[in-house]
Structure formats: C-alpha cells, structure tokens
Amino acid sequence: MILNMGPQHPSTHGVLRVLLEIDGETVVRLMPDIGFLHTGIEKTCEAKFYQQVVPLTDRIDYLCPLTNNLCYVLAVEKLLGLEIPPKAQWLRVLLNELTRINSHLVWLGTHALDIGAMTVFLYCFREREEILRLFEMVSGQRMMTSYFRVGGIALEPPLGFFDRVRDFAGYFPEKVDEYENLLTGNPIWGMRTKGVARITAEDALALGATGPTLRGSGVDFDLRRDMPYSSYDKFQFKVPVSQEGDVFARYMCRVQELRESIGIVRQALDGMPEGPIKADAPGIVLPDREKMKTQMESLIYHFKIITEGFSVPAGEVYQAVESPRGEMGYYIVSDGTAKPYRVHMRSACFANLQTLATMCEGRLLADVVAAIGSIDIVLGEIDR
Amino acid sequence: MPLAPAITTLEELKEHPAVARLLSWNAASVEGAKYDRDEMSIYVERGSIREACALLKEDAACPFNFLSDITCVDWYPSEPRFEVIYHLLSMSKKERVRLKVRLDGNSPALESLTSLWPGANYFEREVFDLFGVRFTGHPYLRRILMPEDWEGHPLRKDYPVEGYR
C-alpha cells in the first residue's frame, strides 16, 4: 500500500511530503518529496545588493538565523579580503552558540513531542523564550535578527546584555540536566530510540550527511574545530561523537552539544576583547550614525553604500560553517559589480534528508517519525 | 588585508596534490587551474569528470572522500554557457577543492556521480531542475524543487526574477 505522509503533518517539521510504500506496519520503500517551501531565494539574491541579501539569509534556515547570517557575511568578507576586528568575531561566536542552543532546544522539544514526551516541549520552549529575549535586546527582532553585516556587527550590544547572558549561562546547565532526567534514562524513550533508524558511517558519508547525523555514526568531524572560522580556534570545546548511529546516538550528540555551547558562551563572555565592532573599510561598512550626521565624508559614504552598494572584486568563494544541522555553505560568484552574480546555499538538511530512505526501509511506520525528528530537518533550508 | 592576486597558470599550480594527481593520470583532462583567496579550483574536461572524482576520492596522499556540493552557474550570453561546480572535501586532511566543468548551452549533459557518492542524487536533481543540465546515469532525474509540470528552468539568466506566473 502506498501511503502519503502529506505536506501537512504535525510530525514532519515543516512541509515535507514522504511517500511510503508499506506492507502492514513495515516500510518497504520511502521517498521524500520536497519543494513546497521553494521561494527562489537563490534567484532573488542575484537582484539585490550584497548588504540587502543579509535579511534573505535569515529566512533560509529559520531556526538558526544568525548562523546563516554568519556564513553569508564570512563568504562576502572572504571575497573582499576584509579583516574583522576581534570583538566582532567573539560577539559572532557568542551569538552563534546561543543560536545553536536555540535550534537544539526546538529540535529537542519537537522531537520529544513527536515521540510522545510532551513535557519536554514546554520546558525547552521556556528556555528558548529567554534566548529570544536576548536576541530582541541586541537586534530588535526575536527570530530573523539580521544582526551581522559585511564587515562586523550592525550595532553595539546594549548595556546589560552581557550580564543577562551571564545569568542565562548560570542557570542553563541545570535545565539540560532536567531534560536528560526526563529522557536519557527513561525506558520508554530508550525503546523508541535505541537501535532505531540506524545508519553506518560509510553510508552517512556517501550520502553527504554532516553534523550530528554524521557524528552520531562515529565520524569525528566538526567544522568549528577542524576548519575554524571567526576565531573559533581560540575556544576550547569538545565535539561529542556517538558510535551506534541510531536515533538515541544522535540525541546524545545534540544534548552534549547543548552543554558544550553554553561552555563556549561562558568563555566568550569572560574573554570578550575591547575594540570596534566594524572593520575599518569606509566604502563597505556603514559609518556610525553620529559620524554620519556630523561629517560630510561619512554622509557621502552612507548615501553611496545604501543606494549603489559596494562592488566586490570578481571571483568566487565557498565558505562553510558548522550549523546545528551540519555543514552549511555559501558559494558566491561575483562579477565585479555590487550585486552577486550567483549565490548558492549548500544546506545541511538537503543532503541529510537523503539518509532517511536508508534509515527507515525495513523498519516500522512509527520509526519514520522518530527518524525524521532525529535528522532535524528544516524545510526552509531544504527548499530555499 | 588586501587580497593576494590569483594564480591562474597551470604551470605554477601543478604541484598542488589534486592537480598533480589529475595531471599524472591524464594531462588532457585538466583544462586549467586557479588558486584564488586560498581556494583551489580545477577546470576539468567534460568527459573525464567522473574518473577525476573517482581518482581524487581514492588518492592516497589526500583522499577527497566527501562530496560537499554540486551546483551550477549560468554565464549567459557567453559560451560555454554553464559551469557545473563540484566541491570536494578531504576530512582527514581538512582540505577543499573545487572542480569546474564547462558546458555548452544547447542540451548540456554530464555524467552522474551517483555511482561514486549516492549523496549526489539530490544535488544533481536540483541542477537539472533549476538549470536544465542532464546527468546521464542518474537513477531518478526528475524535478525536485519546482512542481513536476513546470516549464522552464528558473535559475537560468534568461528566466526573469519575478517569474512568468
């Protein structure tokens, strides 16, 4: 029998359609059908200036908007050859790790909710509320922050921001203990997740999986540690790796990543350097508003950047970052004008989704829900 | 920090492990190479792309075991019109390389890499859907992002940004 797990479904985490060929309760074949959220962002980027693309990038992987911003902005800075001041880099790391925690909390809440543990959902979203308030403090927006700019950060964080992050980092590890209390030793959770939707390391590598989907099968590779960017090499953190390759292994990877991320946040707070938050590049980076209102040159630069954009020397670049889902990359081709010629987003979930068929064929129908949750898909990233 | 100028002559770049490997196998397969902004790009001849990827995947010195991305750029109206880009990653050596294949505008076709990396499946379907480049040997070459009955290839440069519908 062919069953349609349609685009509208509470457990597909977005508009994902999965065509299932089932024999009783066993899945014989599985084929995902995507494209319901395709909005042509890659094409739209070709019609906008480089700085106008930043808000578009937020909406691609809408659960970790700052990570998308970071990847795009790093790619353009690589094209330009800009050097970013240390304070901006450390702030980017701090916010990137808060975003990682944010995304993993949504993943944990919805994944547990699909499998039946409804309390975890409320607990995770309670912590997420505080992180969203932190983002609102710093950028004015809870989710689609667009806080990073080519050349640094948009605005100085307000007074009291770092204290509030420090308070959050103070109580967050106990909350992770709370989630683990509910799930990790729980026999029902174990029966639903251990040995379920297993994938070997060779299969995961061959299918292009990255992130916790790959690390859950024993491959120790994390772009933050192995190919560091934005001063990640100055931070100490462990990369959690599990060996079994099942849903429980990926769950453990991500829960440990929650702990590691809050450790990085604390290191960033303790060691935050002083200095400017934007690079010294007058034709590319917008000047401070005070300068813009009092100095003629700053006003002219401001006007030129907003109305004509800044031109980027011709060339191409591929910049990858470690998003909560895996390797997110931006491939930008520039033809020397102020608008990118081609922007391609290598989305982690697009490749990770290919592992779903290998994970679920021959297994029970209920395991498909657990597997979709464990890959942690975001349709915005898959469909763009 | 000003950008270092790009190195574009094959002579200067032939020591790079990926370039050297491909040149030692078949010198005609490498049409050119470029080292720009700390990234290596190799222009590979159209018929040898699958062999080239297989060799780089099994290379002893620097195995590029992971296929990061397959995408395409449309250089309309200049010919060759399409440029299919492959990004390979060596997880053990932490190196990336970019392979580029130039294709003509009328009926662009290329050999599929799904026999080497099953993960190339979705990437090649996306390139087919949005650009119209066919991949021979692909198990299921259908549109993936656009609806099945869509006409036209949206990311081509002669397709308007606002679309037709």
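Predicted model: local features only at pLDDT ≥ 70, side-chain atom pairs only at ≥ 80, totals over all residues.
Me: Two strands are said to pair if DSSP finds at least two bridges between them. Which residue stands opposite Glu322(A) in strand 7 of chain A?

Reply: Glu327(A) stands there. Residues are numbered from 1 along each chain as its sequence is written, and chains are lettered from A and ligands numbered from 1 in the order in which they are written.

Me: How do you know that strand 6 and strand 7 of chain A pair?

Reply: DSSP must find at least two bridges, and these strands have nine, in the antiparallel sense. They belong to an open sheet of three strands in the order 6-7-8 of chain A, with antiparallel pairing.

Me: Why are strand 6 and strand 8 of chain A said to stand at the edges?

Reply: Each has a single partner strand, so one side of each lacks a neighbour in the sheet.

Me: What lies across strand 6 and strand 7 of chain A?

Reply: Helix 3 of chain A does, running at about 150° to strand 6 of chain A; the angle, on a scale from 0 to 180 degrees, is taken between N-to-C directions of lines fitted to C-alpha atoms, for helices over the stretch in contact.

Me: What makes helix 3 of chain A mostly covered?

Reply: A residue is buried if 20 or more other C-beta atoms, placed from the backbone, lie within 10 Å of its own, exposed if 12 or fewer do, and partly exposed in between. In helix 3 of chain A, 16 of the 16 residues are buried. In chain A as a whole, 53% of the 384 residues count as buried.

Me: How does the reach of helix 3 of chain A compare with the expected span?

Reply: The expected span is 1.5 Å times one less than the number of residues. Helix 3 (residues 65-80) reaches 23 Å from its first C-alpha to its last, close to the expected 22 Å. Just after helix 3, Gly81(A) takes a positive phi of about 80°.

Me: How many residues does the contact take from chain A and from chain B?

Reply: Contact requires C-beta atoms, placed from the backbone, within 7 Å. The contact takes 34 residues from chain A and 31 from chain B. Strand 7 of chain A gives the most to the side of chain A that touches chain B, with four residues.

Terms used: Helix = DSSP H or I, 4+ residues; strand = E, 2+ residues; numbered from the N terminus. Contact = placed C-beta atoms within 7 Å.
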